[in-house]
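Please look up each residue as you reach it.

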Amino acid sequence: MAKRINKIQSFLNEKGIDALLLTSKTMKKWMSTMLGSGCRVLMTQKQGYLILDGRYITEAKEKEHDLEIVLHNPHTTGQSYLAAVLKILQDEHCHSLGVEASEVLVKEYQKLQSLNVDIHLLDDDIMNLRIIKDEEEIKAMETCIALTDEIYAKVIEKIHVGMSEYEISALVQYYAIASGAQQMSFDTVVTSGERTALPHGRPTDRKVKAHEPIMIDFGIQYENYQSDMTRVCFIGEPAYEYKKIYDVVLKAQLAGLDAIQSGVKASDVDLAARTVIEEAGYGDYFDHGLGHGIGVTDSGEGPILNSTSSTILKDHMMMSCEPGVYVPGVGGIRIEDDVVIINGKGIPMNKTTKDYIILEEK
């Protein structure tokens, strides 16, 4: 069941760390192992262990054949899972342990110190383990993104004047689950009219009107991988101001896509798109980075595309490209694709059109 064991062990060898403790759902998903809160993975340079309590033992015996299953029972022993970690570290003569810095609370860190090994708090190093996708991951993302396109097409068929943002959001959720999604990647963004000036606006009972933008930003989780797409549609011909902003954002998005190439610094990709928006006079209204990494999580995935990122892009990195302009009191436009670098060039994986999506007035 567990995957990418060799990649983790190569990482440990490179870093000179004897063992790595993984507790986040993100890393467990990436490894395709058990996700329960009572399941922890301990990797050494020689062996991988799945440490769990009795709630998970039956399922683990059925599914997990690549990690050694270690049962601990806190209810009978009065000890936490760290007792099992300590025994393994001692048996394998480990002197150092890497942990996910973002997952460790102060109380937990104090307990880890009692293991009498050197503790390495790892942050970007953990993210960078996932930053280059293998062929299996890319195929999973292709399927996930194709489903996302299909879901959007079904949703916009149902949109009409007078429908609330809540209703549109419910349609997104319904068609996502009906299409086989495990869950949504994040809380769906549905805004309309002047509310599209809120980059992460959540749906309300506002009713959509003709000639105004309807922004839908959503993603689904499928086979542990997550998509993220934003499109803006209109019922009837868009008002002039919205068309003006739309044309600028689309030009910026295409410039960003063209700049996504192997060997390019991530901040330069952000600059390529941002320059288009600034030259059009909307620079003050683009107040977030151009994109973020995508994969098994919607947050904490590399590479980050913003003005300060020094990451050098490489083949098989995957990221969003999502410039936006948000004018308070007027509205906003964001256009977002998921992108993979293949043979040195960024390839948008979404097939949903970026031309004006104008729905029939009904």
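1. Helix α10 (residues 240–259) and helix α11 (residues 266–279) pack with their axes 8 Å apart and at an angle of about 160 degrees, where the axes are lines fitted to C-alpha atoms, for helices over the stretch in contact, and angles run from 0 to 180 degrees between N-to-C directions. That angle makes α10 roughly antiparallel to α11, since angles under 35 degrees count as roughly parallel, over 145 as roughly antiparallel, 65 to 115 as roughly perpendicular and the rest as oblique. The helix names follow DSSP runs numbered from the N terminus, with helices being H or I runs of at least four residues and strands being E runs of at least two.

2. This is a predicted model, in which local features need pLDDT of at least 70 and side-chain atom pairs count only at pLDDT 80 or more, while totals for chains, interfaces and linings use all residues. Residues are numbered from 1 along each chain as its sequence is written, and side-chain values use heavy atoms, with hydrogens and water left out.

3. The crossing of α10 and α11 is right-handed; a crossing is called left-handed if the near helix is turned anticlockwise from the far one by less than a right angle, and right-handed if clockwise. On the α10 side the contact is made by Val248, Lys251, Ala252, Ala255, Gly256 and Ala259, and on the α11 side by Val269, Ala272, Ala273, Val276 and Ile277, contact meaning heavy atoms within 4.5 Å. Sorted by class, this contact has nine nonpolar, one polar and one charged residues, where Ala, Val, Leu, Ile, Met, Phe, Trp, Tyr, Cys and Pro count as nonpolar, Asp, Glu, Lys and Arg as charged, and the others, Gly among them, as polar.

4. Helix α11 also holds Asp270, which counts as buried at 2% relative accessibility; buried means under 20% relative accessible area, exposed over 50%, and partly exposed in between, with a 1.4 Å probe and protein chains only. Leaving aside neighbours within four places in sequence, Asp270 is in contact with Gly289, Leu290, Leu305, Asn306 and Ser307. Asp270 and Ser309 stand 39 residues apart in sequence, and their C-alpha atoms are 9.0 Å apart in space.

5. The loop between α11 and β13 (318–321) includes Pro303, which is joined to Gly302 by a cis peptide bond with omega at about 0 degrees. Asp287 lies in the loop between α11 and β13 too, and with a relative accessible area of 59% Asp287 is exposed.

6. The crossing of α8 and α9 is right-handed. Ile151, Lys154, Val155 and Lys158 of α8 meet Ile168, Leu171, Val172, Tyr175 and Ala176 of α9, and by class this contact has seven nonpolar, no polar and two charged residues.

7. In the loop between α8 and α9 lies Val161, which counts as partly exposed at 36% relative accessibility. Setting aside residues up to four places away in sequence, Val161 touches Val208, Lys209, Ala210, Ile235 and Lys362. Val161 and Lys362 are 201 residues apart along the chain, yet their C-alpha atoms are separated by 6.2 Å.

8. His93, in the loop between α5 (82–91) and β5 (96–100), has phi near 55 degrees and counts as exposed at 63% relative accessibility.

9. The structure holds zero disulfides, a disulfide being a pair of cysteine sulfur atoms within 2.5 Å. The sulfur of Cys144 is 18 Å from the closest cysteine sulfur, in Cys321, which is too far for a bond. Cys144 counts as buried at 0% relative accessibility, and Cys94 counts as buried at 8%.
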